[in-house]
Amino acid sequence: GGGAVGGNVFGTIGGGLVLIVAGLFVFYAFAKSDRSGPGGYEVMARFDRIDGLKRGGDVTLSGVKVGTVTSFDLDPKTYQAVVRMAVASDVKLPLDTNAKIVSESLLGGMVIVLEPGGSDKSLRAGGEITKTQGAVPLSELIAKFMFGGTK
């Protein structure tokens, strides 16, 4: 009856191996999903407010989707929202690109709209878009429209 013990040990090791492989797979899947598709690069931008912006939100340029919002967090010093986005590798953004958070529709989905500047230098991976305009709440837009007030 010595065979049963050997089989048991092997079963335990096999089970552990399956768990490790599954863990690695999950980790790999998460690590991959955070970056955009093949050859994409990540840039960041700071906004004073990002109301309604969601992870996975679109990053557009001239109305064409060129990337996605990968993550955002708060800068504890400036209280600004730091947004990271993955941009397609074939899209070169000038250093003076402007990033705005705009409502896609009245119902609310927010997108980041990029407006390329005129610089002949491009943002690199990990670079920061310094010209930004945060989300304007709909109520403020309506008030502006109704009262013609300017900030």
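This report describes the sheet, the nonpolar core, a surface patch and the salt bridges of a predicted model.

Residues are numbered from 1 along each chain as its sequence is written, and side-chain values use heavy atoms, with hydrogens and water left out. Because the model is predicted, local features need pLDDT of at least 70 and side-chain atom pairs count only at pLDDT 80 or more, while totals for chains, interfaces and linings use all residues.

**Sheet**

An open sheet is formed by 8 strands in the order 7-1-4-3-2-6-5-8, with mixed pairing. Strands are DSSP runs of E with at least two residues, helices are runs of H or I with at least four residues, and both are numbered from the N terminus. Two strands pair if DSSP finds at least two bridges between them. Strand 7 (128-129) and strand 8 (131-133) stand at the edges; each has a single partner strand, so one side of each is left without a neighbour in the sheet. Strands of a sheet pair through backbone hydrogen bonds, either parallel or antiparallel. The antiparallel sense applies to strand 2 (residues 58-61) and strand 3 (residues 64-74), which pair over 4 bridges. Within this part of the sheet, Thr60 has Lys65 of strand 3 as its bridge partner.

**Nonpolar core**

The largest nonpolar core holds 24 residues, of which Ile112 and Leu114 touch the most other members. Such a core is a set of buried Ala, Val, Leu, Ile, Met, Phe, Trp, Tyr and Cys residues joined through side-chain atoms within 4.5 Å. Two or more residues come from each of strand 1 (41-47), strand 2, strand 3, strand 4 (81-87), strand 5 (98-103) and strand 6 (110-115). Not counting residues up to four places away in sequence, the contacts (heavy atoms within 4.5 Å) of Leu114 include Val59, Leu61, Val66, Leu93, Ala99 and Ile129.

Met44 lies in strand 1 and counts as buried at 12% relative accessibility. Buried means under 20% relative accessible area, exposed over 50%, and partly exposed in between (1.4 Å probe, protein chains only). With residues up to four places away in sequence left out, Met44 touches Val82, Val83, Arg84, Met85, Gly127, Glu128 and Ile129.

**Surface patch**

Leu138, Leu141, Ile142, Phe145, Met146 and Phe147 make a nonpolar surface patch of about 710 Å². Patches consist of residues with over 30% relative accessible area and no salt bridge; like charges are joined within 9 Å, and nonpolar side chains (Val, Leu, Ile, Met, Phe, Trp, Tyr) within 5 Å. Ile142 belongs to helix 2 (residues 138-147) and is partly exposed, with a relative accessible area of 44%.

**Salt bridges**

The structure holds 5 salt bridges, each a side-chain nitrogen of Lys or Arg within 4 Å of a carboxyl oxygen of Asp or Glu.

| Pair | N to O distance |
|---|---|
| Asp75 and Arg46 | 2.6 Å |
| Arg49 and Asp51 | 2.7 Å |
| Lys100 and Glu115 | 3.2 Å |

Glu115 counts as partly exposed at 33% relative accessibility. In the salt bridge between Asp75 and Arg46, Asp75 is in the loop between strand 3 and strand 4 and Arg46 is in strand 1, 29 residues apart. Asp75 is buried, with a relative accessible area of 14%, whereas Arg46 is partly exposed at 23%.

Methods. Accessible areas come from the Shrake-Rupley method with a 1.4 Å probe; for residues, only the protein chains shown count as cover.
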